[in-house]
Amino acid sequence: KRLLCSSSFFSVFVTYPRKLPHTTYTHIRHKTYLSAIILKAPTTYIYIVELLLSFESIMRLRSLISLLFLLFLTSSAYARLVSVRPSSTDLIISDGINGGNLALVSAEEKEEACEQTYGFMPCTKTALGNVFLILVYGFLMFTAATYLSAGSELLLEILGPGIVGGLFLPMLGALPDAMLIMVSGLSGDAATAQTQVSVGMGLLAGSTVMLLTVIWGTCTVVGKCDLRDNIAVNNQDTKGFHLKDSGVTVDVWTSYAARIMAISVIPFIIVQLPQMLDSTSGRHLAVLVALILSVVMLISYCVYQVFQPWIQRRRLAFAKHKHVISGILKHLKQHALGRLLDDEGQPDEHVIRKLFETIDANKDGHLSAAELKALIIGISFEDIDFDKDDAVGKVLQDFDKTLDEQVDQEEFVRGIKHWLIQAMGAAGPSGPDAGPRTMKFLDHFHVQTKREHALLGDNENGENDEESGEVADPKWITIKAALLLLLGAAIAAAFADPLVDTVNNFSAATGIPSFFISFIALPLATNSSEAVSAIIFASRKKIRTASLTFSELCGGVTMNNILCLSVFLAIVYLRGLTWNFSSEVLVILIVCLVMGGFASFRTTYPLWTCFIAYLLYPFSLGLVYILDYWFGWS
């Protein structure tokens with residue numbers, strides 16, 4: 001009775017900590033201490049719980065604390081089976097009632113006993129019990145991923161992109177998966193590890209497939225907008241579920257991320273080469289070569305991520321300069337006394353010289369920086385925001401070859417001719433009818449440069465809703481980020497091994513291969529926070545947020561293919577395990593190459609593309625089952 005009373009008081013205190021007076025808290029504390037004595041639990045745990053609950057900032061973790069407290073208590077609920085007829089080898093005890101004796105079942109007869117992880121974590125041999133434990137441990141891994149994600153975002157807010165965005169964030173995002181893969185191959189002897197390592201491969205394949213199929217397709221549906229000229233219109237969704245006129249548009253950096261993702265499958269191909277060639281002698285060497293290559297690719301990817309913001313700024317500045325060129329050419333064509341191209345499709349110097357005389361306001365034979373700036377200010381650049389002085393400087397850099405900070409007539413003619421030839425390119429007009437088509441050609445070049453600028457993801461035009469500002473208290477946010485990262489890493493490290501053991505126990509209880517359990521169930525835990533974040537970003541229905549969403553998905557798969565695979569290959573090589581995952585590798589290759597190839601060469605995803613993503617998920621499951629159990633690949 002006292003135990004029930006104290007437990008209920010403890011539950012009320014954890015759930016409603018701010019509504020209880022001090023006297024009630026004292027009474028609850030006393031009751032909780034008594035329950036600890038009855039349960040014969042170390043009082044240190046109670047003091048730790050009280051210490052955690054006393055901090056206002058930790059009160060948000062009350063559900064997690066309650067769950068851990070429950071797991072601690074349930075770990076003491078095991079007993080030995082008894083036998084009515086003792087044998088000579090059994091330990092005899094008295095039942096204390098009739099004077100009869102009962103016998104504890106000897107260790108050799110405990111066929112149904114399960115091995116507790118760490119010696120105290122709960123375990124069971126029943127299917128329903130393992131389902132419950134998978135849900136509990138899965139929730140804890142989801143919590144770890146959430147804390148790691150929150151801590152990473154806070155760290156990024158303080159330190160910005162670059163090293164943090166390039167090195168720490170990708171690795172922290174893949175940490176729960178890497179932990180599960182690592183413990184799946186480190187448990188027990190080599191034979192046990194060979195059995196349990198299928199859980200790690202199932203998680204690796206399942207995480208990759210889920211990101212590129214279910215989550216990819218959902219983000220396409222949630223983020224769809226009306227397509228106009230094959231480009232999505234921000235915040236406009238009037239076409240409903242039209243398969244061709246509705247969809248999402250991403251920037252060109254997402255295409256680069258998709259190409260990197262497709263390239264990251266090379267280590268899978270290398271480690272699979274001996275089996276493709278039906279050779280058994282070079283399998284261990286192939287694992288080592290694939291491991292080295294995956295580590296090199298991981299370092300290269302991190303370096304690229306560090307310098308990617310600088311590369312993006314350079315590309316964006318170049319795109320703005322091209323847009324200035326197209327605007328000036330279009331303006332000059334409208335005010336020219338003739339055609340910019342002659343009948344043979346070549347720049348007409350006579351017309352260009354007349355334009356120079358028109359722009360030269362003081363008639364001194366030179367164009368100063370002020371006159372060039374007046375020209376640029378007088379041109380409407382259609383919502384493209386840029387620094388006018390910077391644009392003047394780039395124009396001078398193109399025209400002024402004598403470096404005297406002004407442009408004479410000859411320099412102006414050479415510069416305009418160079419711009420026209422650059423603008424024509426391979427699709428430029430040629431032949432005797434080139435002159436009359438000059439205006440259409442410049443219109444096409446103007447639209448092309450505007451699209452290129454938009455696809456580079458410029459966030460200076462109001463598309464970025466999350467304007468960066470100064471952090472209010474950087475010291476406290478840094479401490480908070482560090483605590484969240486440490487807590488997330490600790491939870492992932494502590495409960496990865498129990499989760500792997502539970503998956504194997506559930507597999508033994510149901511007869512379902514552990515690969516399929518880890519393929520379907522574990523990615524739901526480790527990728528849930530990433531999936532929710534991606535869907536929320538996509539629902540804002542903007543090109544910029546859609547670009548961030550699909551870039552994150554490609555980046556997550558890339559880290560699976562290089563970081564998580566590096567961990568997996570290291571375990572296989574160091575423990576001397578056998579690489580026998582042909583069907584799993586084939587599924588990863590198909591999904592990555594199909595979705596990566598599709599996203600590498602286009603920046604607009606119509607709505608019909610979501611069906612391709614959705615269908616790849618059941619296709620992957622069915623392909624693994626057919627190859628393993630019909631053709632005997634595994």
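**View 1. The loop with Asp229, found between strands E4 and E5.** This is a predicted model, and here we zoom in on one residue of that loop. Asp229 is not a glycine, yet its phi is positive, at about 55 degrees. Is Asp229 buried or exposed? With a relative accessible area of 70%, Asp229 counts as exposed, because the cut-off for that word is over 50%.

**View 2. An open sheet of four strands.** Which strands sit at the edges? Those are E5 (231-232) and E9 (604-606), each with pairing on one side only. As a bit of background, strands in a sheet pair through backbone hydrogen bonds, and that can be parallel or antiparallel.

**View 3. Strand E4 next to strand E5.** Now for a closer look at one pairing from that sheet. E4 covers residues 225-228, and its antiparallel pairing with E5 runs over two bridges. Look for Leu227: the residue standing opposite it is Ala232, in E5.

**View 4. Lys541, in the loop between helices H20 and H21.** Helix H20 spans 528-538 and helix H21 spans 543-574, with Lys541 in the loop between them. What is the phi of Lys541? It is positive, at about 55 degrees, although Lys541 is not a glycine.

**View 5. Helix H22, residues 582-600.** From first C-alpha to last, this helix of 19 residues reaches 26 Å. That is close to the 27 Å expected at 1.5 Å a residue. How many of the residues in H22 are buried? The count is 14 of 19, so H22 is mostly covered.

**View 6. A nonpolar patch on the surface.** Six names to find here: Leu243, Val594, Trp608, Phe611, Ile612 and Leu615, which together have about 540 Å² of accessible area. Which helix gives the most to this patch? Helix H23 (residues 609-629) does, with three residues. Ile612 has its place in H23 and is partly exposed, with a relative accessible area of 35%.

View 7. A disulfide is a covalent bond joining the sulfur atoms of two cysteines. How many disulfides does the model have? The count comes to zero.

Terms used
Residues numbered from 1 in each chain as written. Predicted model: local features only at pLDDT ≥ 70, side-chain atom pairs only at ≥ 80, totals over all residues. Heavy atoms only, no water. Disulfide = S-S within 2.5 Å. Patch = residues over 30% accessible without salt bridge, like charges linked within 9 Å, V, L, I, M, F, W, Y side chains within 5 Å. Areas by Shrake-Rupley, 256 points an atom, 1.4 Å probe, with all protein chains shown as cover. Salt bridge = Lys/Arg side-chain N within 4 Å of Asp/Glu carboxyl O. Buried < 20%, exposed > 50% of the residue type's maximum accessible area, 1.4 Å probe, protein only. Pairing = 2+ DSSP bridges. Expected span 1.5 Å × (residues − 1).
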